[in-house]
Amino acid sequence: MSTSSEPQGSMADRIVVVTGGARGIGRAIVDRFAADGATVVIGDLTDPGEVGAGLDVAGHREWVPLDVTDETSVLEFAQSVEAGHGGVDVLVNNAGIMAERSITEESLAEWDLTMAVNLRGPFLMAKHLVPLMEGREGASIINMGSIEGLAANRHHAAYCASKGGVHALTRALAVDLGPIGIRCNAIAPGWIDTDLNRSYIERHPDREQVVADLARLHPVARIGDPADIAATACWLASADAGFVTGQVIQVEGGRTVRLSLPTALEP
Ligand code: NDP
């Protein structure tokens, strides 16, 4: 007979690692997997408790300090997860940073930092966690790409290049790891309501207008919620997606399929 402390749900008995899971999209992914019964290990620079999002809700969640740019930190994280849980079923490489700079303003150090978090991070995590995933049925890696890996906003060269790299890494890992039973896919989110994007809106004097204009860019007439991405991540990790690998799944409210018109010609 089960007790309330035993995990139940479609992800019960699954060990899930989410990088950058303290807040934003990562936190929504953590909460969704935990709600579906998984045991979730958050790898983040920051203790989720410090950003006002404690782990007290349903249990089955823990934080292990992690800097995805640093191989020693990644190795220590992998050792901690192996000691605590014996293996990993799902790795979500979500941690990412974005900065707005023209190519001539961008310093080498800034370029390297974006690449280190967004692209070296998923590489190091895969390198050191794949050994913990081998032989576990239904194992999969989910990388956080972006629609900016497919098209560009101005002054986002480093970010766009890093996310294009994430999409390519996803395909390469799918090819390499498929034969040992590990699928690898990416999610390319559009505009999702998190701190990473909120600062763009907040600095505009007419916030309401910006929100309305943003909604108009999307056929679904709204920007995305972190839960939209979490739902896709859970599906990609599930047996229902067992024949899906090497894909970049766009979750962006149709923004990239809507052709733009001059304002005067908008219906
Ligand atoms: P947030 O900035 O809200 O959260 C990012 C999280 O990653 C933070 O908890 C942050 O920790 C953590 N993090 C940053 N650097 C590292 C590191 N070196 N090691 C470990 N953790 C780290 O971002 P979002 O939730 O908005 O974005 C999550 C992912 O989704 C990113 O990869 C982003 O590029 C992608 N994405 C987001 C979109 C959006 O519209 N929001 C659109 C498309 C893609 P700390 O707080 O300590 O810095």
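Tutor: Helix α3 supplies 4 residues to the lining of the largest cavity, the largest share. This is a predicted model, where local features need pLDDT of at least 70, side-chain atom pairs count only at pLDDT 80 or more, and totals for chains, interfaces and linings use all residues. Residues are numbered from 1 along each chain as its sequence is written, and side-chain values use heavy atoms, with hydrogens and water left out.

Student: What makes a set of grid points a cavity?

Tutor: Rolling a probe the size of a water molecule over the atoms shows where empty space is left. On a 1 Å grid over the protein atoms alone, a cavity is a set of points where a 1.4 Å probe fits but cannot get out, and a lining residue has an atom within 4 Å of a point. A search of the whole structure with a limit of 30 Å³ or more finds 1 cavity, and the largest cavity has a volume of about 30 Å³. That volume is the space filled by probe spheres set on the points, which are joined across faces, edges and corners.

Student: Which residues line the largest cavity, and how many of them are nonpolar, polar or charged?

Tutor: T19, V68, N93, A95, V117, G121, P122 and M125 line the largest cavity. By class, 5 are nonpolar, 3 are polar and none is charged. Nonpolar covers Ala, Val, Leu, Ile, Met, Phe, Trp, Tyr, Cys and Pro, charged covers Asp, Glu, Lys and Arg, and the others, Gly among them, are polar.

Student: What makes R203 and E100 a salt bridge, and where does each sit?

Tutor: Their side chains meet at 2.8 Å, N to O, so this pair also meets the rule. The pair links distant parts of the chain, 103 residues apart: R203 is in the loop between α5 (195–202) and α6 (207–216), and E100 is in the loop between β4 (90–93) and α3 (108–133). R203 is exposed at 56%, while E100 is partly exposed at 38%.

Student: Why do D228 and R222 count as a salt bridge?

Tutor: D228 and R222 meet at 2.9 Å, N to O, so they count too. D228 is partly exposed at 25% relative accessibility, and R222 is partly exposed at 41%. Elsewhere, salt bridges that share partners join R23, D193, D195 and R198 into one network. The count for the structure is 15 salt bridges.

Student: How do you know that the reach of α7 is close to what is expected?

Tutor: The expected span is 1.5 Å times one less than the number of residues. Helix α7 (residues 226–237) has 12 residues and reaches 17 Å from its first C-alpha to its last, close to the expected 16 Å. Its buried residues include P226, I229 and L236, and the buried residues of α7 pack against α1 (24–35), β4, β5 (140–144), β6 (183–189) and β7 (248–251).

Student: What does T194 touch, and why is T194 called buried?

Tutor: T194 touches G24, I25 and P226, not counting residues up to four places away in sequence. T194 has a relative accessible area of 8%, so the residue falls in the buried class.

Student: Which phi value does D13 have?

Tutor: Most residues other than glycine have a negative phi. D13 has phi near 70°, a positive value in a residue other than glycine, and D13 is exposed at 65%.

Terms used: Salt bridge = Lys/Arg side-chain N within 4 Å of Asp/Glu carboxyl O. Helix = DSSP H or I, 4+ residues; strand = E, 2+ residues; numbered from the N terminus. Buried < 20%, exposed > 50% of the residue type's maximum accessible area, 1.4 Å probe, protein only. 1 Å grid on protein atoms, 1.4 Å probe; cavity = no way out; pocket = protein on both sides within 12 Å on 5 of 7 lines; lining within 4 Å. Contact = heavy atoms within 4.5 Å.
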